[in-house]
Amino acid sequence: MSFQRFDISPNPAGESKRPHLSVFRFASFQSTRRPSQAPPAYTVDDVVLTRKQLHVRVLHWLRIAIASITFLVSIVIVACSATALKTYANTHNTAEWILPLWPSTVDLRPTHALLACGIVLAVASVFYLVIALAPTPLRSDRPLNLTFTILAFLSLFMTIFTTVFAGTIDSQLSDSTQAGTLASWTCKWQGFGPVAPGRFTDICATSTAAMNLVILMVVIESLSVLLAGWGWWIGAKIKREAREGKGEVTHV
């Protein structure tokens with residue numbers, strides 16, 4: 001850039017002493033602005049990777065939430081079933097001259113089934129939480145999805161079987177006066193309050209709670225199966241987009 005010099009000496013004619021500034025010459029000034037550049041293009045691989053990371057993150061935390069809920073509910077099922085069995089063990093042995101509190105035949109299979117179901121669910125949920133949170137080789141997408149799918153179907157089968165098995169036996173012995181289950185026999189005293197013998201109301205409450213929680217787990221494990229299927233669908237979709245994508249994609 002070049003500028004013309006200007007004179008600031010006093011004017012001998014007595015005119016105004018303000019300096020006369022000459023006009024700047026910008027002939028040599030040239031614009032240094034660079035031409036606008038287009039934003040960097042995203043390749044198909046970048047788009048696929050971004051979507052994959054988002055979907056995997058969402059699936060990861062949803063599975064952890066399902067496994068955590070399953071673990072908490074299964075612990076309650078185990079506690080209720082174990083409490084009912086312990087109370088029965090402390091009250092069913094009475095002297096011969098005392099009127100027995102329990103019938104001659106008490107079918108404990110429904111309570112044992114509830115207890116076993118709770119244990120299986122607790123072990124399965126803990127197993128998944130360990131491999132999902134710990135730095136293990138199974139944390140990659142396909143092994144983790146396969147593990148979750150197997151555990152989801154196993155838990156769903158266990159809860160459905162327990163619900164049908166325990167519910168069938170309870171309904172068959174609900175009207176019997178010579179035999180019964182812990183739930184069917186003790187719940188006959190429901191509504192009598194303190195008149196009910198041998199903590200029957202507590203056994204009825206815990207047995208009923210365990211059964212209702214197993215039914216709730218049928219719904220939760222059904223959601224787990226749907227979540228597992230969603231994971232396989234997302235994986236297949238991402239792979240298909242990666243195979244079919246060509247060229248550059250400017251928008252994600």
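Val 58 is placed in helix 1, helices being DSSP runs of H or I of at least four residues, numbered from the N terminus. The model is predicted, so that local features need pLDDT of at least 70 and side-chain atom pairs count only at pLDDT 80 or more, while totals for chains, interfaces and linings use all residues. Residues are numbered from 1 along each chain as its sequence is written, and side-chain values use heavy atoms, with hydrogens and water left out.

Patch residues have over 30% relative accessible area and no salt bridge, with nonpolar side chains (Val, Leu, Ile, Met, Phe, Trp, Tyr) joined within 5 Å and like charges within 9 Å. A salt bridge is a side-chain nitrogen of Lys or Arg within 4 Å of a carboxyl oxygen of Asp or Glu. Helix 1 gives the largest share of the nonpolar patch, three residues, and helix 5 also supplies at least two.

A patch of positive charge on the surface gathers Arg 142, Lys 237, Lys 239, Arg 240 and Arg 243. Lys and Arg count as positive, and His and the chain ends are not counted; the charge is placed at NZ of Lys and CZ of Arg. Helix 5 (residues 200–244) gives the most to this patch, four residues, and Lys 239 lies in that helix.

One cavity of 30 Å³ or more is present, a cavity being a set of points on a 1 Å grid over the protein atoms alone where a 1.4 Å probe fits but cannot get out. The lining of the largest cavity has 13 residues, with Ala 67, Phe 148, Leu 151, Ser 155 and Glu 221 nearest the centre; lining residues have an atom within 4 Å of a point.

Terms used
Areas by Shrake-Rupley, 256 points an atom, 1.4 Å probe, with all protein chains shown as cover. 1 Å grid on protein atoms, 1.4 Å probe; cavity = no way out; pocket = protein on both sides within 12 Å on 5 of 7 lines; lining within 4 Å. Points joined across faces, edges and corners; volume = space filled by probe spheres on them.
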